[in-house]
Amino acid sequence: WLLCWKKTSEGGRKGEIAVESLEMTRLQCAYQLSKEAETELCGISCQVYLEFDTKNLDYERLNEAWHALYLRHEILRGRSYELGYIDFVGEEEFVPIEIRDISGSEREIFNIRQELCEREWSLEENMAKMLVIKDASGIKKLCLTMSLMFADPLSFQILLDDFTDYYINGLFSKTIPQQTLHEYYDIVWKCSREEKRLDKDYWKKRVEEYGRGYRVPAGIDKRYNGIYESYDAALTEKEWLALAQCAMEKNILLEDFLLGVYAWILKEAIEETKLVINYPVFTRDIEYQYVIGDFSRNLLVGLDLSSVQTCEELMQVVTCQIQEDRKHMKVDGLEVQGMYNRILENDSYKEAVVFSPSLYRDLVTPQFTKQIGKLVYLASKTPMVALDAQFYQLNGGLLLTWVVPQNWFEAGKIKKMLEDYVELCRRFSDSTKWKERLDGR
């Protein structure tokens, strides 16, 4: 299933916009297979749900903007009729924004939210659905639910930004390349066999260093039911700015700082000094910064914190390792994971933890909040992942959303980990404290 190649769609696909099929990435293939699997942490879609409180919205203009988005981004018309391929449908498959009328009770809203959060996506339907909730006073809520099967987390941020732009102005102010996603993958993702061989040799040595001594944190009280829970926390605008200034002073990327603290929290929680963390990287070519699609790469990060006591030591270990790993991304993290699985004695790797920072743009722009609505609820779920730690910029600060399967961890464990994480971020936003012990002793 990994050995896919491009083909041209044959017959039956109506519409003027239909284009050549696109082969899936390794991660997309894995998501597709996991959706059909009946093992733990599988059998679900990779998706996100966002809910906004709104007022004085014009449904016709909303729907015009939604339709314009559908035509602008080809991946919104993506379907999968065959394992390993994405096909594209035409304009006639557009689905207008659904309207739900309610009497005004909170129970009705809760039921709609649960329905949208728990719905399972068919790979033969549009990957994004928008819905408005109305009562006697007008549109009360705007809801977006989106499959991330064919798109990375930056994509739903781009979607909201474009949606706002068209709703307000009747056009898109940002241009996107005329090249299709096919051409992007051909130009950017393809590499020489020699480049890939060298990177593969690097990762073979790395995972041998991991050995069986590295641990993939796993839950304790496992009763998987396919339902996921989110735990949220935030750094204020002032706290986030202080952290950014500290990182600049120390010449360290904000993402690396956040990863380091995450690794330490995991170390303390599972009482292991060697950790393996999945790290999706969302960098793109600048000309594709406004395109909806999956441009992510994945790193499989192994960190040995056995000699770490202070924040300074932690950041030195993390930055040195990550800087070196980033030089060898011709081999995707999913392939590296396969190498690592062969070293493990059992299938415990499926209980992966993810560090997912999406910091290149605001989750919701101030313009969206002012013109359309305020974000009041965010939920997501990812197959094959036991803990998905997500980080977004919002309202000038940092929003942390950690997602876990319901009943997978012991009660209160994730809440405590998140509280400890935020406390360390606040404490070490002061660079004069970096020589202090992380454990506070």
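Visitor: Let's start inside. How do the residues of the lining of the largest cavity divide into nonpolar, polar and charged?

Guide: Seven are nonpolar, three are polar and one is charged. Keep in mind as we go that this is a predicted model.

Visitor: Which residues line that largest cavity?

Guide: The lining is made up of Y31, S34, K35, I44, S45, C46, W121, L123, S147, M149 and P383. Lys is on the charged list, so K35 goes down as charged. Tyr and Cys count as nonpolar, so Y31 and C46 land in that group.

Visitor: What volume does the largest cavity have, and which helix gives the largest share of its lining?

Guide: The volume is about 70 Å³. Helix α1 (residues 26-36) gives the largest share of the lining, with three residues.

Visitor: On to the loops. Why is N56 called exposed?

Guide: The cut-off for exposed is over 50% relative accessible area. N56 comes in at 75%, so it counts as exposed. You'll find N56 in the loop between β2 (47-54) and α2 (59-72).

Visitor: What about N251: what phi does it have, and is it buried or exposed?

Guide: N251 isn't a glycine either, yet it has a positive phi of about 60 degrees. Its relative accessibility is 71%, so N251 counts as exposed. It sits in the loop between α7 (237-249) and α8 (254-270).

Visitor: Last stop, the sheet. How do you know that β1 and β4 pair?

Guide: Pairing takes at least two bridges between two strands. Two bridges join β1 to β4 (residues 85-88), so the pair passes. The two strands run antiparallel, and L22 has I86 in β4 as its bridge partner.

Visitor: And why are β1 and β3 called edge strands?

Guide: The open sheet of three strands has the order β1-β4-β3, with antiparallel pairing. β1 (22-23) and β3 (78-79) each pair on one side only, and that's what makes them the edge strands.

Terms used. Residues numbered from 1 in each chain as written. Predicted model: local features only at pLDDT ≥ 70, side-chain atom pairs only at ≥ 80, totals over all residues. Heavy atoms only, no water. Helix = DSSP H or I, 4+ residues; strand = E, 2+ residues; numbered from the N terminus. Buried < 20%, exposed > 50% of the residue type's maximum accessible area, 1.4 Å probe, protein only. 1 Å grid on protein atoms, 1.4 Å probe; cavity = no way out; pocket = protein on both sides within 12 Å on 5 of 7 lines; lining within 4 Å. Points joined across faces, edges and corners; volume = space filled by probe spheres on them.
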